[in-house]
Amino acid sequence: MADLDDIKDGKDFGTGQPADTSRFFLKGSADYDWGMKARLSRIFNPASGNTVMLAFDHGYFQGPTTGLERIDLSISPLARHADVLMCTRGALRTSIRPEINKPVVLRCSGGNSILTELSNELVAVDIDDALRLGVCGMAAQVYIGAEYEHKSISNVVQLIDTGARYGLPTMAVTGVGKSMARDARYFGLASRIAAEVGAHLVKTYYVDDGFEKITAGCPVPIVIAGGKKLPEREALEMAYRAIDQGASGVDMGRNVFQSTSPAAMLQALRRVVHHGETGETAYQLFRELELEKAA
């Protein structure tokens with residue numbers, strides 16, 4: 001057993017030496033089987049190695065939050081601009097047309113609400129239903145340091161183990177409570193734990209100081225959460241910095257569907273994530289598309 005009094009923060013992250021992707025374009029994924037790689041190749045664009053995911057799973061604990069009152073009206077028209085949709089099975093079946101034909105990462109944890117302890121979740125989707133829906137991945141929260149930390153990790157492990165039988169990858173999402181630190185040390189810990197238990201990709205938050213250590217210390221791809229709604233220029237700049245510092249994409253919700261022009265925001269994000277445009281250049285594109293729509 002490790003001596004808890006002698007834990008030292010890592011220092012040598014080799015940030016100047018990228019992970020070996022010579023055998024498969026995603027880091028840490030070269031030795032998965034064919035089906036797993038095929039699904040990951042739908043989630044991530046093999047040409048850029050990155051992804052633009054549109055998250056609209058917020059209703060599973062927040063209810064009809066702003067921008068998601070009518071998913072059929074607000075989200076369905078945006079789907080063509082995203083690489084991947086992240087949602088619940090209820091939203092998928094009721095509000096997203098099958099002919100949109102976009103890869104889906106399915107929210108598979110639930111059982112909580114904004115009125116209760118957020119970390120007290122359960123696995124809310126059976127693997128058979130995930131397969132029936134034809135999704136490309138499953139997702140669940142890990143709440144490191146929260147009251148129900150162990151339960152949340154167990155949920156992710158259950159998805160990893162059941163998904164592995166069918167070549168279905170699992171994304172661990174690092175959840176945070178009100179009292180938790182939002183810094184590189186915390187997200188580095190949470191992301192690494194998620195990867196160590198077998199998650200195939202991790203969704204976590206961008207931090208201004210030390211994010212490159214989070215990505216370097218996580219042996220599987222990281223996509224960043226959008227978090228709270230930011231001005232469009234700031235959100236695009238955050239995406240640019242995250243990609244520049246080792247992230248493999250974004251999974252944004254409020255910064256898209258609460259934008260003044262959601263479709264323009266998604267297109268601008270694609271320029272950052274897949275083409276390496278700076279946040280400022282992408283913002284200029286956003287403004288042009290926004291003005292075109294208003295004309």
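This is a predicted model: local features need pLDDT of at least 70, side-chain atom pairs count only at pLDDT 80 or more; totals for chains, interfaces and linings use all residues.
1. The second largest pocket holds about 540 Å³ of space. Of the 23 residues lining the second largest pocket, Pro18, Ala19, Lys27, Thr215 and Gly246 sit closest to its centre. A pocket here is an open set of points on a 1 Å grid over the protein atoms alone, where a 1.4 Å probe fits, with protein on both sides within 12 Å along at least five of seven lines; lining residues have an atom within 4 Å of a point. The volume is the space filled by probe spheres set on the points, with grid points joined across faces, edges and corners.

2. Numbering starts from 1 along each chain as its sequence is written, and side-chain values use heavy atoms, with hydrogens and water left out.

3. Back to that second largest pocket: helix α8 (residues 211–216) gives the most to its lining, with three residues. By class, the lining has nine nonpolar, eleven polar and three charged residues. Nonpolar covers Ala, Val, Leu, Ile, Met, Phe, Trp, Tyr, Cys and Pro, charged covers Asp, Glu, Lys and Arg, and the others, Gly among them, count as polar.

4. The largest pocket has about 1100 Å³ of space. Its lining runs to 45 residues, with Val176, Arg182, Tyr205, Gly227 and Arg254 nearest the centre. In the lining of the largest pocket, 18 residues are nonpolar, 14 polar and 13 charged. At least two lining residues come from each of α2 (59–62), β7 (170–174), α9 (232–244) and β10 (249–252).

5. On the overall fold, you'll find twelve helices and ten strands in the protein; these are DSSP runs numbered from the N terminus, H or I over at least four residues for helices and E over at least two for strands. The C-alpha atoms fill a box of roughly 65 × 40 × 40 Å along the principal axes.

6. Leu54, in strand β1, is buried with a relative accessible area of 0%.

7. Strand β2 (residues 84–87) has Val84 and Met86 pointing one way and Leu85 and Cys87 the other, all of them buried. Three bridges join β2 to β1 (residues 51–55), in parallel, and another parallel pairing with three bridges links β2 to β3 (residues 104–107); strands pair if DSSP finds at least two bridges between them. Met86 stands opposite Ala55 and has Val105 as its bridge partner in β3. From β2 to β3 the chain crosses through helix α4 (residues 89–95), a right-handed β-α-β crossover. Right-handed means that, with the strands pointing away from the viewer, the path from the first strand over the helix to the second runs clockwise.

8. β10 is covered on both faces: Gly249 and Asp251 on one side, Val250 and Met252 on the other, are all buried. β1 and β10 run parallel, joined by four bridges, with Thr51 opposite Gly249. Two bridges join β9 (residues 222–225) to β10, also parallel, and Ala225 partners Asp251. β9, α9 and β10 make a right-handed β-α-β unit.

Conventions. Buried means under 20% relative accessible area, exposed over 50%, partly exposed in between (1.4 Å probe, protein chains only).
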